[in-house]
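Biologist: Could you show me how to read a few local features in a model like this one? Let's start with the display.

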Amino acid sequence: MNTRIRATFAVFATTLAPVAFAGGFVDLPNGALGTAAPCLNSVRCNGVNNVAVDPFYIAPGAIQGTATVTVGVGGAATTRTVNVHDFPTQFTLLDSKVTSFSVASAGGPYSGTFFDYVFIDTTTDTLVFGSRLEMIGLSEANDIFRRGFSDYETEVAWTRIYSSSSGNDLRLYSAARSEVGLKGGADPLPGSANYTNDVVDLRSDVNQAERNPFSGLYLIRTDATLANGYSLVADAAAIRQAGEEGQAVLTLNFQAFAPNPIAAIPEPSAYVMLASGLLLIGVHARRRSTSSHPV
């Protein structure tokens, strides 16, 4: 190959070479509209169906082994061998909880497994809350809600636990500080009556019948530290089926991990009132002591 052709080929190959994952944690707007992509002029931030440019995507950890999973239902069901990845190396697992569920609904059992994690991010020394879903049969999850974040800033990302040449964990479609699920209307704007910054909505479309039985590991990184701590809280997580394909619309709540609320700091006036009260108590006690010991 002559020099000119070799150089031209090298430029062409470089142009076509896969781009390394370009994502990471994305700041969720808090009390204001986003000022830059992927959240521009919105409270909701949107991902991209291409991990090379998806702003939310973080490369998974090393492959630890393989597993066989079932995708599809009924006569369309097939098995798939997947690689099982470790967590990305920046995360140290602190706690986890697995909740299996099956409840009656108009369209049949609503069933699956919710995986809840708490990590410390060693690059920031802050707490990260992870969510992962497996849905069974015709059950679908369009939103994962995590509650308890009103005192903290939040960033979101996702990574894979399962990967294969024929299909991977389902990506994170979008995220917002909002408790309005898919088909529930527009996300409330900051300052409106229905706006809340306590809830983070992680939106996807996890459905075994649609051959996406597993979500990725969806991550919420906070500015909470180990000193702030975390707890298991009733109804701190929920999943929602929006009825896209005519299923029943339902929301299912779970006990889940959440950062501890920040203790309120008393106003200066409260300290003045406390000091005044203590002074009055002291004066009253002195008077009683004097009156009970006459000279």
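Biologist: Why does Arg-211 count as partly exposed?

Modeller: The cut-offs, for protein chains only with a 1.4 Å probe, are under 20% relative accessible area for buried and over 50% for exposed, with partly exposed in between. Arg-211 counts as partly exposed because its relative accessibility is 32%. This is a predicted model, where local features need pLDDT of at least 70 and side-chain atom pairs count only at pLDDT 80 or more, while totals for chains, interfaces and linings use all residues. Residues are numbered from 1 along each chain as its sequence is written, and side-chain values use heavy atoms, leaving out hydrogens and water.

Biologist: What is the phi of Arg-211, and where does the residue lie?

Modeller: Most residues other than glycine have a negative phi. Arg-211, not a glycine, has a positive phi of about 70°, and lies in the loop between β12 (199–207) and β13 (217–222). Strands here are DSSP runs of E, at least two residues, numbered from the N terminus. Asp-235 also has a positive phi, near 60°, but is found in strand β14 (residues 230–241); at 41% relative accessibility, Asp-235 is partly exposed.

Biologist: Which residues does the cis peptide bond join?

Modeller: Most peptide bonds are trans. Here a cis bond links Ala-37 and Pro-38, with omega about 5°. Pro-38 sits in the loop between β1 (26–27) and β2 (44–46).

Biologist: Which residues does Arg-160 touch?

Modeller: Contact means heavy atoms within 4.5 Å. Leaving aside residues up to four places away in sequence, Arg-160 touches Val-51, Tyr-57, Pro-60, His-85, Asn-168 and Asp-169. Arg-160 lies in the loop between β9 (154–159) and β10 (162–163).

Key:
Helix = DSSP H or I, 4+ residues; strand = E, 2+ residues; numbered from the N terminus.
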